[in-house]
Amino acid sequence: MRLQLHRLHLRLWRRLGHNHHQHRRFATKYSGKVVIETDNGRSFAVEVETPTLRDVRGYALPRRDLICKVVHILQSPPPSNSSAPSNSFLELSDYLHTLKLNLTPSEASEILKSLKSPMLALKFFQFCSLKVPNFRHNCFTYNRILLILSRSSLPNRFELVQKIIDEMERSGIRGSISTVNILIGFFGGGENDGGFDQLEKCLGLVKKWELKLNCYTYKCLLQAYLRLNDTDKACKVYSEMKRRGYKLDIFAYNMLLDALARDEKVGQAYNVFNDMKQKHCEPDEYTYTILIRMTGKIGKPDESLAFFEEMVSKGGSPNVIAYNTMIQALAKSRMVDKTLFLFSKMVEKNCRPNEFTYSVILNVLIAEGQLGKLDKVVELSNKYMNKSIYAYLVRTLSKLGYASEAHRLFCNMWIFHDKGDRDAYLSMLESLCAARRTAEALDLLSKMHERGIHADTFMYNTVLSALGKFKQIAHINDLYEKMKRDGPSPDIFTYNIMISSFGGAGRVEEAVRIFEELENSNCKPDIVSYNSLINCLGKNGDLDEAHMRFREMQEKGLNPDVVTYSTLIECFGKTDKVDMACRLFDEMLAEGCCPNIVTYNILLECFERCGRTAEAVDLYAKLKEHGLVPDSITNTILRRLQSGTGKSVRVRRQNPITGWVVSPLR
């Protein structure tokens with residue numbers, strides 16, 4: 001038989017143009033057996049077995065066709081015409097059994113790597129050990145599934161990883177240092193509560209498996225402690241690395257420096273920075289930014305500036321974060337001139353400032369009383385002054401109460417930009433209204449469309465609210481009519497503002513007219529609408545109508561709140577109808593509406609005015625039972641009751657919802 005195979009081999013070589021003098025070995029060895037042979041021995045049929053490919057060390061190489069087929073089976077969706085769920089693992093089991101194929105651990109690892117779903121990978125991992133004959137997971141397959149689970153977003157990934165570790169130990173599989181590295185990176189990510197305990201268990205596995213920590217393990221451990229906000233343990237790991245001659249990469253160095261800077265461990269940060277340079281790990285822009293932030297935070301701007309200049313001298317190109325950090329350090333020390341000089345250099349180097357840059361500069365200019373220099377800042381960065389930056393500055397100045405500066409800057413925006421910015425317009429409206437500059441607010445509202453901004457209902461409501469607050473009834477009526485005529489349509493807030501404004505000015509008929517318009521509109525009255533109307537009617541002497549509206553409100557399914565009850569109780573008390581005020585108070589409690597300290601003060605004032613001292617004392621006791629704390633008005637009433645003077649003190653308090661003044665009885 002061997003002679004026959006040899007003859008066959010020679011025949012094949014001769015057909016390929018070789019002779020025995022040019023003999024060369026194949027890279028792959030084939031084995032087989034003769035299954036058919038003619039009588040004269042001149043022809044053969046040989047059944048050749050599939051070769052097992054091996055690497056230089058003699059290990060079997062993964063069969064790529066097998067890996068692709070298994071992955072295809074597992075990830076194939078069920079047929080579209082089938083209602084039954086796909087059982088891919090049953091199909092895989094049949095495939096392996098039919099071809100009499102056994103998986104190797106290296107092939108299983110490659111299949112796990114190719115599967116897209118972590119849960120599918122876990123199921124395949126379990127399938128191999130349970131259903132594949134003669135299969136046994138090794139360290140590499142365990143590492144693969146641990147890595148897949150650690151990188152997943154599964155909610156129970158920590159429990160799954162722990163189960164894999166427990167199974168690994170039960171199976172007697174000894175992990176490698178790569179196993180430990182994966183686990184340290186996973187449990188030290190700062191995502192679970194038991195991170196420190198898990199890290200200790202990881203180090204316990206190192207001893208149990210008799211492993212040696214390498215440079216990467218130390219790096220993983222250091223980063224894990226930093227993510228868990230334990231700089232002390234991180235520094236111990238770093239010291240151990242130095243002792244063993246290991247060094248960190250730039251990312252780990254920066255991470256350690258950042259943690260030390262946040263904890264204000266300045267001396268240790270300087271030592272790490274010096275080590276970094278001695279280990280020939282060149283600091284980058286982020287390294288210097290950390291040190292600039294640290295020194296600026298502790299009030300050492302000169303050191304911050306030295307680090308910044310060192311970064312530039314070494315060819316570093318500061319980004320917007322580096323510039324902002326340096327500007328913040330100078331601004332913290334109120335160094336206005338140096339701050340503006342650095343800002344000019346930032347613009348000169350074509351580094352675009354952002355909102356944070358302008359906010360830091362704006363704050364230091366305000367703090368030092370040099371807001372006039374804002375024009376210089378705008379001029380320096382003119383090429384970067386877009387609508388967004390203008391809008392931000394206008395909003396910020398408006399919120400800080402600098403209406404004139406905001407308005408001037410807002411007008412500059414009109415000069416340089418054809419189109420306006422809605423946020424800037426809204427901020428400007430709010431600022432003008434807060435400064436009682438309603439004429440300018442009305443003018444701005446009317447000219448918005450010239451810059452492509454359509455005034456919306458919220459903007460109109462902002463101006464209407466200011467006009468009502470300052471009792472400018474003629475203007476509020478004109479604006480309301482313009483709104484109804486030209487748009488936008490009024491909403492529930494518009495109607496409530498109008499009712500409250502007319503009521504506050506004693507214009508009862510107009511308030512009622514607006515309320516009726518509300519009832520006939522697409523909007524429907526809410527609790528605030530009724531409260532404003534009831535307040536208007538009651539305070540202007542039409543108590544019966546106010547009470548009727550109160551009952552109407554209840555009939556429509558709107559539950560009166562503490563403002564409703566307090567308003568009516570005060571109105572009845574002012575007309576010496578104390579019994580009615582008491583009935584409303586009892587009804588309020590029965591309906592589950594909790595009175596506040598204002599309600600109690602109103603009723604206490606009623607009792608005092610009518611000389612019903614005993615009831616006032618009982619009411620005060622009830623106030624304490626409900627856990628309310630007496631305020632200055634309560635104490636004033638009690639002092640008058642104790643002294644028996646009976647003199648009332650006029651104390652006015654603004655209603656938090658309607659903006660009206662609700663005062664105790666006089």
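A residue counts as buried when its relative accessible area is under 20%. That cut-off applies to several residues below, all taken from a predicted model.

Start with F343 and Y358. Both F343 and Y358 are buried. Their rings form an edge-to-face pair, with 5.9 Å from centre to centre and 65° between the planes. F343 belongs to helix α17, residues 336–348, and Y358 belongs to helix α18, residues 355–367. The pair therefore ties together parts that lie 15 residues apart in sequence.

This is one of 19 aromatic pairs in the structure. Another joins Y270 and F307. An angle under 30 degrees is what counts as stacked. Y270 sits in helix α13, which spans residues 266–278, while F307 sits in helix α15, which spans residues 301–313. Because the partners lie in these two helices, the pair ties together parts 37 residues apart in sequence.

F307 has a relative accessibility of 9%, so it counts as buried. Y270 and F307 also belong to a cluster.

The charged end of K69 sits over the ring of Y95. The distance from that charged end to the ring centre is 5.9 Å.

Next, helix packing. Two packed helices are described by the angle between their axes and the distance between the axes. Helix α31 covers residues 578–590, and helix α32 covers residues 597–609. Their axes come within 10 Å and cross at roughly 150°. Angles over 145 degrees count as roughly antiparallel, so α31 and α32 are roughly antiparallel to each other. Their crossing is left-handed. On the α31 side, the contact is made by V578, A581, C582, F585 and M588. On the α32 side, T599, Y600, L603, C606 and F607 make the contact.

T179 lies in helix α8, residues 177–187. Is T179 buried or exposed? Its relative accessible area is 0%, so T179 is buried. Which residues does T179 contact, leaving aside its neighbours within four places in sequence? The contacts of T179 are C139, N143, L146, M168 and W209.

Methods:
Residues are numbered from 1 along each chain as its sequence is written. This is a predicted model: local features need pLDDT of at least 70, side-chain atom pairs count only at pLDDT 80 or more; totals for chains, interfaces and linings use all residues. Side-chain values use heavy atoms; hydrogens and water are left out. Rings of Phe, Tyr and Trp (its six-membered ring) pair if their centres lie within 6.5 Å; planes under 30 degrees apart count as stacked, over 60 as edge-to-face and the rest as tilted. Helices (H or I, at least four residues) and strands (E, at least two) are DSSP runs, numbered from the N terminus. Buried means under 20% relative accessible area, exposed over 50%, partly exposed in between (1.4 Å probe, protein chains only). A charge sits over a ring if NZ of Lys or CZ of Arg is within 6 Å of the ring centre and within 35 degrees of the ring normal. Axes are lines fitted to C-alpha atoms, for helices over the stretch in contact, and angles run from 0 to 180 degrees between N-to-C directions. Angles under 35 degrees count as roughly parallel, over 145 as roughly antiparallel, 65 to 115 as roughly perpendicular and the rest as oblique. A crossing is left-handed if the near helix is turned anticlockwise from the far one by less than a right angle, and right-handed if clockwise. Contact means heavy atoms within 4.5 Å.
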